[in-house]
Amino acid sequence: MGPTTEMHTLPVFDENGIQIGFQQVNRLISQTQPTGNLVKSQPNIHPSQPASDSLHPNSKNWTSIPLIDLSNPAALTTFIPLDPQPLSVCELDQGVIATLLGNLQGGEWDPWPNGRFRLDLTHTEYMATKRLAVQWATKSNTTRSRNSSVGSSTIAGGKILNKKCLGVLICTVEGCQFIGRPQVESAGLQKQLSARCYCGGQLKHDHCSSRSYLITWGQQDGDISTTQYRYINGTAHTHSRLPGVVRTTAAEDQRFRTVYENRPNATSTQLMVGAPAPQGFGPSAADLGQKFSQRAYTSYRLNQEKKKDGNGPTSAFGNLQNLQKWKGKHSTVPCKDYVSSDIVCISLQTEWMQQQTLPDMSDVGDPLHGLLSDAAHKYWEDPNGRLIVTSIYSPLIEKWVPVLFTYANGATIAHYEYHFLILIEGIAATVTKRQRRCD
Ligand SMILES: [Zn+2]
Ligand SMILES: [Zn+2]
C-alpha cells in the first residue's frame, strides 16, 4: 500500500514556552511501516489559503485552520524603493535600499519582514505598527556604543537596538515537516532540543544570522512624540516562517475592529462564520489573520472590544453607554435620568404623552379627572425597583393614558420628587410650545 498523509494537531508555543494554540501538520504515514518511518515523497503543505469549497459557500468550514506559507526559505518582503535613494548616514544602513512603510507590500507593515530594506518612521507610525512587531523568533539587545542617545540630532548618534533571529527548530528525520519556535532562553531551548519530535526523530536548531537594527533618535526635550526611527531590516532568513503566530498585527487589529463595529451584536461563532450574504456567508474572522483562526482567540478579542466600548456583559458603564445610544436613536422621546447616592431614576415620555398632560380645556362641560400616579412593584426583576406611572383620562379616546413612566430603584420621597419634577417640566414644555404656536 502506498504512503498516505494524516493531519496531526500539534501545540504551538510562544517564545516563553507558553502554549498559545495549535497547528495542523501533514504527517506522512506508511501503511507498511507503522513504526513512524517516513517516506520521501513530500506532501504539499504550503497552501496559503484555507481549503474552501467554492461550489458550496453555505457549507463553509471555518474550523479548518488556515496554514501559514511555510516555503523554505521564506518569501522575501516586496517593496517599492524610494526614488532617488537617499544617501546612507551610518555604517548600519550602507547599501541597504530605502523605502517607506506605505511602499511595503500591501501598504502596511510586514510582520514577517525578510531581506534588506530600510525605513524611516515617525513616532506615530512606529506605534501604529506595534513597534514594528515581527512574528519571527527573535532576541533583542542594545548595541553598546558611546554617546548614543535618543536625543541625538543625527541618526548616526541615535540609540541602537538590534533584534537577532533565533532561527527555527527542525527535525532531523528526512521528510518530517516539523517546524518549531525556539525559546529565547538557552535553558528552555536546551529542553526543547532534548525532547523528541512527534515522529520520534531528533530535533535540531537551525540557526539564522539575520539581525535587524532600530535606531532611535531626534527626541526633543524628552517628548516621546517627537522621536524618530530608522529601521534596517537584516539579511534574508535562511529558513521558513514558523507555523504559529504569536501576535496580531496593527493592521489586523484595525480590520477586526471594523468587523466588530459593523456587527457589534455578533457572537464569536457568528464572526467566525462570517456575515450572511446572498451567496452563503461573507469573509470570516479567520480571514483577518492567522490568530483569528482560533475561535477562542476571536472570542477573547471580541470581549476585549466590548469591554473597551463599555459593552461588556458585566459593565455598568456599558449600560450607561447603551442608554446614551438609545437616547441618540430616539431623539424625539424625552428621556431623563438621574443618579445620586440616594436614588437612581430614568424617566420616559414621548411627545404624544407630553401633549396629553395638557388636556383640551375648550369644552369645560367634560368632567376633569386630573393626573393619577401609581407605582408598580413587580414590573422589574429588582425587588426594590418601581415603575412609577402617571396617567390622565383622555376624553378623545375615552381611556386612561400614561403620560410619564419612571424607573425608580425605590419608593422614597426623593424618588417621587424626581418623578413629579420631570412631570411638571413636561407640562411646562408643552405650555411653552403651545404659547409659541399662538403667538
Ligand atoms: Zn520529526
Ligand atoms: Zn531567521
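**The whole chain**

Among contacts in the protein between residues at least 6 apart in sequence, 59% join residues at least 24 apart. Two residues are in contact here if their C-beta atoms, placed from the backbone, lie within 7 Å. This is a predicted model, in which local features need pLDDT of at least 70, side-chain atom pairs count only at pLDDT 80 or more, and totals for chains, interfaces and linings use all residues. Residues are numbered from 1 along each chain as its sequence is written, while chains are lettered from A and ligands numbered from 1 in the order in which they are written.

Show the cartoon. The protein has eight helices and 18 strands. Helices (H or I, at least four residues) and strands (E, at least two) are DSSP runs, numbered from the N terminus. Of the 439 residues, 28% count as buried. Buried means that 20 or more other C-beta atoms lie within 10 Å of a residue's own; exposed means 12 or fewer, and partly exposed is in between, with C-beta atoms placed from the backbone.

**Colour by confidence**

Now colour by pLDDT, the predictor's confidence in each residue, from 0 to 100. The mean for the protein is 81, and 80% of its residues reach 70 or more. Confidence is lowest in strand E2 (residues 19-30), at a mean of 55, and highest in E11, at 97. Select residues 29-59: the pLDDT there is below 50. Beyond near neighbours in sequence, this stretch has 47 contacts in the model.

**Two cis prolines**

Go to the loop between E2 and E3, where Proline 73 lies. The peptide bond from asparagine 72 to proline 73 is cis, with omega near -5 degrees. Proline 84 is found in the loop between E2 and E3 too. A cis bond joins aspartate 83 to proline 84, and its omega is about 0 degrees.

**The six-stranded sheet**

Next, select the open sheet of six strands, in the order E3-E4-E11-E10-E6-E5. Its pairing is mixed. Two strands pair if DSSP finds at least two bridges between them. Which strands are at the edges? They are strand E3 (98-99) and strand E5 (138-143), each pairing on one side only.

Start at E3. Two bridges join E3 to E4, and the two run parallel. Threonine 99 stands opposite leucine 119 in E4. Step on to E11. Strand E4 (residues 118-122) pairs with strand E11 (residues 228-232) in the antiparallel sense, over five bridges.

**Two positive phi values**

Move to the loop between helix H1 (123-128) and E5, where lysine 130 is found. Lysine 130 has a positive phi of about 55 degrees although it is not a glycine. Is lysine 130 buried, exposed or partly exposed? With 16 C-beta neighbours inside 10 Å, lysine 130 counts as partly exposed.

Leucine 132 is in the loop between H1 and E5 as well. Its phi is near 55 degrees, again positive in a residue other than glycine. Leucine 132 counts as buried, because it has 22 C-beta neighbours inside 10 Å.

**The three-stranded sheet**

Select E7, E8 and E9. They form an open sheet in the order E8-E7-E9, with antiparallel pairing. Strand E8 (179-180) and strand E9 (203-206) stand at the edges with a single partner strand each, so one side of each is left without a neighbour in the sheet.

Strand E7 (residues 168-171) pairs with E8 over two bridges. Isoleucine 170 has isoleucine 179 in E8 as its bridge partner.

**Last stop: helix H5**

Finally, select helix H5 (residues 295-308). Its 14 residues reach 20 Å from first C-alpha to last, close to the 20 Å expected at 1.5 Å a residue. The expected span is 1.5 Å times one less than the number of residues.

Show side chains. Thr298, Arg301 and Leu302 are buried in H5. Look down the axis: the buried residues fall within an arc of 105 degrees, so they line one face of the helix. The arc is that of the directions from the helix axis to the C-beta atoms. Helix H3 (250-262) and helix H4 (268-273) are among what covers the buried residues of H5. Turn to the face away from the buried side, which carries the exposed residues Ala296 and Tyr300.
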